[in-house]
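Hello,

Here is the structure I promised to hand over. Please open it first, then read the notes below.

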Amino acid sequence: MWKPPQRIRHSTRPGLWPTEAEAKQSTLLQPLAHQALRLASRTWVPAMVPWRATTDGFVTDANIDWYARFARGRPGAIVVEATGIRDVPSGPLLRIGHDRFIDGLAKLVDAVKTASGGQTRLFIQLIDFLAIRRRPAPQIYFDRFLPITPQHRAALGAEGWPEAAVRAHLAALPRAGLSEILTSSELDALDNGMRDRVTDTHLPHIADLPRVLPDLFATAADRAHRAGFDGVELHYAHAYTMASFLSATNTRADGYGGNRDGRLRLPLTVYHAVRARVGSAMAVGCRFLADEAIAGGSTPDDAAVYATAFAAAGMDFLSLSRGGKFDDAKQPSVGDAVYPYTGPSGYECMPGYISDTPGPFGRNLAATRTVRSAVRAAGHTTPIVAAGGIHGFGQAEAIVSDGTADIAGLARQALADPDWFEKVRRGRGAEVRLCEYTNYCEGLDQKHKQVTCQLWDRTGLDEPGVRRSSDGRRRLIAPDWPT
Ligand SMILES: Cc1cc2nc3c(=O)[nH]c(=O)nc-3n(C[C@H](O)[C@H](O)[C@H](O)COP(=O)(O)O)c2cc1C
Ligand code: SF4
C-alpha cells in the first residue's frame, strides 16, 4: 500500500475512557431514530469484506461467526460486506443476485439478532462492479487482447496489412511511439489490465447500465428484505460502478454524466427503484465519498450537493467514506489485477499509522462536516455516518456531539476489538484492544485471504472449537472477552 512520503509514525491515542455512568450519559450511546433508521446507540461497524463466502457466493458458517462476533459487542448497527447484486461468479464474496442466496443470508441475520440480544441493527451493502482483467504480459496483449482498429492502421500507415503484421509492428514499438497510437484506455489496459469503465458507452453492456441497474438493485434489496435485514446500504463509494457514475470524472454524454445533475441521475434512479420495491419500513441509505481524493475527482463541495440530493430524495442515512479509486492505484505485476486501495486515494480510504502530519485518525472528518452542514442547511435531518481512524471514546463522542456527524463508524477498531462498544458501555474502556492501524488486515483483503487482525489471530489457537484459516495458522474470530 502507498504511504505518504513524510512517514511519521503515529500511535493510537484513545484518551480517557468513561465510567459506566458517564457512558450512559454520553450522546454516543443514546438511541437515534430517523424514518426507518432506529438505532439503540450511535455506533456503526462499516462494511468489511472478510473473504469467507463460498466460491459461489453463499454464506458460510465462518461468515456467520464473523458477524455474530461483532454483534456480541452490541454496536448500534453492522453493515454486512459488499455483496454482489448480479448472479455472476465473483469468488468468495457474498452474493444476493438470486433467491437461492436468501436462506443463508437469513441465517446470518438470525445469528446477529441472537448474539446482540436484538440490540444491533443489521444492514447489507449492495454492490455492482464492472469487469476487470489481470495485467497481461505485453506480448500477449498485442497478440490477443488489443482489438485492432482502423485508427491503429491509419496511424501506422498500415491499411491493407494482415492483422498479424499490425500486431507485430505495434508490439515492437518503443513506449513513446505507442503513446501516439494507442488510446489512453488501450494504454491503461496494457499497463494495468483491461477494465470496463462507465464511460465506455460504445460497449452495449455499459451503455445499458442505466436501464439494468435500477431493477438489479431493487430486486437485491427485496431479497435482503425477505432475508430479514433491517436495511440496505447502496454502495456508491470507492472504485465501483455507482461511484463511477457520481464521479466528477464521469463524462458520459447520454444524460448520466457530465454535470452534477447528470452524475446524480442514476444513483437517484436506483434509490427510487429500491424504495419503491421495499417500502418505507426498511432503511435505505448509501455509502459514498466525501472526497474522491484524486486529481479531477469529486470534492467535498460536490459531495455536499450529492448528499443534499440523497437526503431530499428520502434516504434514511448517508455513510461517508473517502478515496479508494482505481485512477491512482499502483501498477499491478503481470498476472495480477489492479487494486483500488494501493495508491494515494487508497491511503485516504484506509490510512495506516505511517502517515503525514494530519495522521490517520479522522482524516475524513473535515469533509464529513462540510457535507453534513450542507444537508442541515437544506433543512434535512438525515443521519450522517463518519468513519476513518475512529478508535477513542472521546473522539467518537465529539464527532456525534459537535456537528461533524451523527453516528461514529469504527471498522478496523471493531475488527481489532469487537467488544469496544460493550467495554465502553460498561465503563471498562481501559480493556479495549486498540487497533494499531498497521493494515495487516487490509493486506489480507488485497490477497483475497480470510481477513483477521494481527493482534489476536495467533492467540489461543488450541482452544476447543476455534475455527482456523484455510492454512490452519490463524484463528478467524477474536477471542472471547472474559467479562
Ligand atoms: C478488510 C477490509 C475490508 C473492507 N471492505 C469494505 C467493503 O466491503 N465496503 C466498504 O464500503 N468499505 C470497506 N472497507 C473500508 C471500511 O469500511 C472503512 O471505511 C475503512 O476501513 C476506514 O475506516 P476505519 O479507519 O474505521 O477502519 C474495508 C476495510 C477493510 C480494512
Ligand atoms: S490488523 Fe488489526 S491492528 Fe492492524 S489495522 Fe487491522 S484491525 Fe487494526
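Two residues are in contact if their C-beta atoms, placed from the backbone, lie within 7 Å. Helices are DSSP runs of H or I with at least four residues, numbered from the N terminus. The model is predicted: local features need pLDDT of at least 70, side-chain atom pairs count only at pLDDT 80 or more, and totals for chains, interfaces and linings use all residues. Residues are numbered from 1 along each chain as its sequence is written, and chains are lettered from A and ligands numbered from 1 in the order in which they are written.

**Helices 4 and 6**

Pro138, Gln139, Phe142 and Asp143 of helix 4 meet Arg167, Leu170 and Ala171 of helix 6. The axes of helix 4 (residues 138-145) and helix 6 (residues 163-172) come within 9 Å and cross at roughly 155 degrees. Helix 4 is therefore roughly antiparallel to helix 6 (an angle over 145 degrees). Axes here are lines fitted to C-alpha atoms over the stretch in contact, with angles from 0 to 180 degrees between N-to-C directions.

**Domains**

An automatic or database assignment sets the bounds. Domain 1 is 8-133 + 202-446, and domain 2 is 138-192. Their centres, taken over C-alpha atoms, are 40 Å apart.

**Ligand 2**

13 residues surround ligand 2 (C-beta atom, placed from the backbone, within 6 Å). The closest are Cys435, Thr438, Tyr440, Cys441 and Cys453. Helix 17 (412-416) and helix 19 (440-446) each give two or more residues to this shell. Helix 17 gives the most, with three.

Best wishes

Note on methods:
Angles under 35 degrees count as roughly parallel, over 145 as roughly antiparallel, 65 to 115 as roughly perpendicular and the rest as oblique.
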